[in-house]
Amino acid sequence: MKKILYALAALIIAAALLMLGAWLWTPGDDAGPPPASTAVPAPAQRVSRGAYLAQAGDCMACHTVRGGAPYAGGRIIRTGFGEIVTPNITPDVATGIGSWNADDFWRALHHGKGKDGRLLYPAFPYTSYTHLARDDADALYAWLRSLPAVRQQSAPHNLRFPYNQQWALAAWRALYFRPGVYRVDTAQAMDWNRGAYLVQGLGHCSACHSPRNALGAEGANLSGGMLDGPGWYAPALTFGPGAGKPAWSQEDLAAFLKTGVSPHATASGPMAEVVRASLQHLDDADINAMAQYLRSLPAAAPAPPYQRDVNAQADAFLAAGARLYRQQCVECHGENGAGQAPHYPALAGNRALSQDPAVNAIRIVLNGGFAPATAGNRRPYGMPPFGHVLSDAEVAQLVSYLRSAWGNNAAPVTASEVNRYRAVPLDQ
């Protein structure tokens, strides 16, 4: 018994020493201070450039609460560790970043540290923003300084212990964060590098589209990830060949990013908002660069084929789904699931139906599917919600049929899975 207690005490002391070391050292400290910037008022060209970059990064999405003043913060980001409340980033001196200089702002983006030296939570995706060039960070800062100042005190986060402790955050950073600006890959074309810079950096695509471990650190880059707060699955952004399917064409992927619709898919849920508020405003050169980079990422190896149960009960379950499809869906999506591109997406071979988890398909049947209104899709077609018409069991039957028909081969869903998402708010 004493040996066990001694071992436990040694483990506690070792953990405490590790936490202390992580607290005293944070990645990037040995790199020295960032280059000093001048206090000369920002030229109009730099401010304009910063406005474009802010749209590319979709800064408003997190830093503006619905109905609130732009960039005054207050939006709640729900995580598995508690709630993060986004701060006011208007140039108000008392409650915003009006007292920050360009070096302070760079330190936040590149090193994940506030003006007072406090470590920032990676819900602010500095793990991606660290790749930004200093010139772009300065342009963003100049544009934020040009905004109207809004007096609105930032609310405190609501995180569970020990996630609300700076020493725990320091340990997390020691394990998972290394600052570093984007380095050009000389083996690739400049357009490819521009796309990689936008996707990996300001676009912070991996923040949603990568899996996370138990401590919230990103896993396999852009291979898909569950958004626990909003209750959607951000699919893999690997559009290259693989998994037995051809790559998306450059034109189709660029159209999807720019307009929210393509022959392959329609942006729904959080992605529809990203397209509407951010991606549609990027110039064609940047959209095409992002598409070129994403198309270079090979698809992941296919999952083992689903072994479907063959019995009377399973057959009856799918037959009920087929009847519901003919009653509710066939007019738009067709008998063979081919759809009517780009307004009614094809269901045959649709990866949104075959992916696991099946949450996106469930939520679209329950709540409807609505493409974003964009300059390239001014009158978007929408799919009505069926949650008020179909029971949990019926939604499960319908989605399971869609995941099994026309060459699709994915596991069926249950009524309890449907019920889990029936009450999840559409906007969080």
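This report walks through some features of a predicted protein model, from the whole chain down to single residues.

The model is predicted, and local features need pLDDT of at least 70, side-chain atom pairs count only at pLDDT 80 or more, while totals for chains, interfaces and linings use all residues. Residues are numbered from 1 along each chain as its sequence is written, and side-chain values use heavy atoms, with hydrogens and water left out.

**The chain as a whole**

The protein chain holds 18 helices and seven strands. Helices (H or I, at least four residues) and strands (E, at least two) are DSSP runs, numbered from the N terminus. Of the 428 residues, 43% are buried. Here buried means under 20% relative accessible area, exposed over 50% and partly exposed in between, using a 1.4 Å probe and protein chains only. A contact means heavy atoms within 4.5 Å. Among contacts between residues at least 6 apart in sequence, 65% join residues at least 24 apart.

**Aromatic rings**

Rings of Phe, Tyr and Trp (its six-membered ring) pair if their centres lie within 6.5 Å; planes under 30 degrees apart count as stacked, over 60 as edge-to-face and the rest as tilted. By this rule the model has 15 aromatic pairs.

Tyr71 and Trp143 link distant parts of the chain, 72 residues apart. Tyr71 sits in the loop between helix H3 (59–63) and strand E1 (76–79), and Trp143 belongs to helix H6 (residues 134–145). Both residues are buried. In the other pair, Phe124 is partly exposed, at 24% relative accessibility, whereas Tyr129 is buried, at 7%. Ring pairs also join Phe124, Tyr126, Tyr129 and Phe177 into a cluster.

**Two helices that meet**

Two packed helices are described by the angle between their axes and the distance between the axes. Which angle do the axes of helix H16 and helix H17 make? The axes of H16 (residues 359–367) and H17 (residues 392–402) cross at roughly 125 degrees and come within 10 Å. Axes are lines fitted to C-alpha atoms, for helices over the stretch in contact, and angles run from 0 to 180 degrees between N-to-C directions. H16 and H17 are therefore oblique to each other, since angles under 35 degrees count as roughly parallel, over 145 as roughly antiparallel, 65 to 115 as roughly perpendicular and the rest as oblique.

On the H16 side the contact is made by Ala361, Ile362, Val365 and Leu366, and on the H17 side by Val395, Leu398 and Val399. These residues divide into seven nonpolar, no polar and no charged. In this grouping Ala, Val, Leu, Ile, Met, Phe, Trp, Tyr, Cys and Pro are nonpolar, Asp, Glu, Lys and Arg are charged, and the others, Gly among them, are polar.

Arg363 also has its place in H16, and is buried, with a relative accessible area of 0%. Among the residues that Arg363 touches, not counting those up to four places away in sequence, are Trp232, Tyr421 and Leu426.

**Backbone details**

The peptide bond from Phe161 to Pro162 is cis, with omega near 5 degrees. Pro162 lies in the loop between strand E3 (158–159) and helix H7 (166–176). Leu222 has a positive phi of about 60 degrees although it is not a glycine, and Leu222 is buried, at 2% relative accessibility.
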